[in-house]
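Have a look at the sequence and the fold below.

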Amino acid sequence: MIAHIIGSIAELGGNYAIVDIGGVGYKVFTTSDALHTLKLGAETKFWTHQVVREDALDLYGFPARKDKDFFELLIGSVSGIGPKSALNILSLVSTDTLAGAIRTGSTAHLVKVSGIGRKTAEKIVLELKDKMGGIAANEGGQLASDMSSDLDAIEALKALGYDADESREALKKTDPEISDTGKKVKAALKLLGR
């Protein structure tokens with residue numbers, strides 16, 4: 001089992017990076033947030049999870065160990081969530097936000113923030129709520145407030161004509177210290193070119 005890799009980025013794809021280690025290129029599937037931080041030729045480290053199937057040998061990588069741990073929790077504990085689905089979920093919402101929504105039992109936050117269906121959100125909350133002890137997150141009250149502010153900002157951006165995915169991506173890039181909804185919307189609009 002490959003636990004982590006360190007090497008230089010040889011190529012970036014839609015949902016993967018090829019990491020060159022001693023002349024061997026490892027294709028590592030990763031989240032969109034991780035891909036945005038990578039630069040060709042730069043050295044990087046991925047905490048990895050290896051998936052072995054009859055027809056494939058896939059490597060999933062994460063810059064932070066807590067993201068890999070959460071990925072493994074999703075695929076190991078939630079029936080119907082495989083590696084690709086888990087990677088898609090973690091590409092759409094941060095580990096801390098997802099952990100907070102699960103802790104508070106907020107399926108509404110999961111559906112709105114991550115774009116997953118209600119049944120899948122309920123299954124994630126039900127099967128992971130008691131297993132969240134090892135995953136780091138913000139304090140519960142502050143996290144619920146931050147999620148509510150993000151949802152309000154997404155709704156405001158949608159009212160201005162932006163779609164939910166575009167709004168979420170812009171909000172991910174804003175300063176995490178901004179807690180006021182109006183200020184979040186203004187910061188996102190600057191990133192969106194308005």
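Which residues in H2 meet which residues in H4?

## The H2/H4 contact

This is a predicted model, so keep that in mind as you read. On the H2 side, Lys66, Asp67, Phe70 and Leu74 make the contact, and their counterparts in H4 are Thr95, Asp96, Leu98, Ala99 and Ile102. Sort that set by type and you get 5 nonpolar, 1 polar and 3 charged residues.

## How the two helices cross

Two packed helices are described by the angle between their axes and the distance between the axes. Here H2 spans residues 65-77 and H4 spans residues 95-104, and their axes come within 10 Å, crossing at roughly 45°. As for handedness, the crossing of H2 and H4 is left-handed.

## From S1 to S2

Now for the strands. S1 (residues 4-12) and S2 (residues 16-21) run antiparallel, with 4 bridges joining them. A hairpin of 3 residues takes the chain from S1 to S2.

## From S2 to S3

S2 also pairs with S3 (residues 24-29), again in the antiparallel sense, over 6 bridges. Aspartate 20 has glycine 25 in S3 as its bridge partner.

The hairpin of S2 and S3 has 2 residues between the strands, and glycine 22 in this hairpin takes a positive phi near 60°.

Conventions
Residues numbered from 1 in each chain as written. Predicted model: local features only at pLDDT ≥ 70, side-chain atom pairs only at ≥ 80, totals over all residues. Heavy atoms only, no water. Axes fitted to C-alpha atoms, helices over the stretch in contact; angles between N-to-C directions. Left-handed = near helix turned anticlockwise from the far one by under 90°. Contact = heavy atoms within 4.5 Å. Nonpolar A, V, L, I, M, F, W, Y, C, P; charged D, E, K, R; others polar. Pairing = 2+ DSSP bridges.
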